[in-house]
Amino acid sequence: MPSTKEIRGKIKSVQNTRKITKAMEMVAASKMRKAQDRMHAARPYGDKIRVICSHLARANVTDYSHPFLTSPEGAKKVGIILVSTDKGLAGALNTNIQRMLLQRFRDWSAEGVQVEASALGNKGLGFLQRIGVPVISQAVQLGDRPSLDRLIGAIQVQIEAFKEHKVDKVYLCYTRFVNAMKQIPVIEQLLPLTDEHLSADEPQRKFSWDYIYEPDAQTVLDELLRRYVEALIYQAVAENMASEQSARMVAMKAASDNAKKLIDDLQLVYNKTRQAGITKEITEIVGGAAAVS
């Protein structure tokens with residue numbers, strides 16, 4: 001049985017750990033509110049441009065064919081943009097998206113599809129390097145506020161690869177924020193455009209959409225689709241950051257609660273050990289007194 005001094009040292013150590021986890025919980029809660037505000041501000045624009053481009057994917061553009069609207073037959077090589085966190089201590093946030101992506105990698109490997117990736121976040125970069133996926137671009141240490149200027153360089157590599165037909169499809173992988181207790185890993189096709197983001201209750205039409213472009217189709221489509229990609233990347237990073245702070249707050253709260261439970265258990269052991277020591281000393285004194293008398 002450990003001595004009372006050793007138990008006091010363990011209690012002090014767990015108490016110090018609990019102070020740290022409690023402070024991290026409060027910091028994460030503060031950052032979570034700000035991250036949620038940024039995420040909610042970006043969501044309407046991102047959702048709307050998704051729907052517009054989904055309609056555009058069904059439309060017939062006869063005088064100009066944008067590369068983002070061209071869907072190849074099959075896919076021999078795909079690009080992945082993985083959005084993750086730079087820091088740990090966020091529960092299973094990164095593990096969930098990595099597990100889903102790993103299963104998708106196995107499916108592609110079975111089909112003979114090659115993969116190259118771009119990493120937004122340090123944890124995703126380390127994951128891709130561990131499993132041997134070629135990383136062609138990266139952006140790490142993004143901070144607490146997403147900045148498109150920091151992201152555009154890394155994603156531009158994937159966009160140019162798609163334009164030059166080096167990859168047939170580009171997928172975006174991130175964690176979508178639902179609430180403070182629930183975050184959902186998502187893998188969605190970024191390029192070429194699809195109509196999967198149209199409302200589920202919208203009736204399927206037999207005809208294609210037709211648009212009138214001003215000044216011309218090339219100018220409108222080039223600008224719109226560039227904004228489309230930028231908006232989706234920015235929203236994915238904002239969603240992931242809100243999910244990160246929520247997951248970290250929950251994880252640190254669980255750690256603080258577990259530390260409190262451990263302190264109570266150690267305190268009980270300490271009291272029992274101390275009481276056993278006192279009882280032993282009293283027994284020795286009584287025995288010595290009886291022997292003298």
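Reader: How do the residues lining the second largest pocket divide into nonpolar, polar and charged?

Author: In this predicted model, local features need pLDDT of at least 70 and side-chain atom pairs 80 or more, while totals for chains, interfaces and linings use all residues. Numbering runs from 1 along each chain as its sequence is written, and side-chain values use heavy atoms, without hydrogens or water. Ala, Val, Leu, Ile, Met, Phe, Trp, Tyr, Cys and Pro count as nonpolar, Asp, Glu, Lys and Arg as charged, and the others, Gly among them, as polar. For the second largest pocket this gives seven nonpolar, two polar and four charged.

Reader: Which residues lie nearest the centre of the second largest pocket?

Author: A pocket is an open set of 1 Å grid points, over the protein atoms alone, where a 1.4 Å probe fits, with protein on both sides within 12 Å along at least five of seven lines; lining residues have an atom within 4 Å of a point. The second largest pocket has 13 lining residues. Those nearest its centre are Phe68, Ile159, Lys163, Asp222 and Arg226.

Reader: Which element gives the most to the lining of the second largest pocket?

Author: At least two residues each come from α4 (148–163) and α5, helices being DSSP runs of H or I, at least four residues, numbered from the N terminus. The most, five residues, come from α5.

Reader: Which residues lie nearest the centre of the largest pocket?

Author: The lining of the largest pocket holds 22 residues, with nine nonpolar, seven polar and six charged. Nearest its centre are Lys87, Asp144, Glu244, Gln245 and Arg248.

Reader: How many residues does α5 give to the lining of the largest pocket?

Author: The elements giving two or more residues to this lining are α1 (4–58) and α5 (217–292). α5 gives the most, and its count is six.
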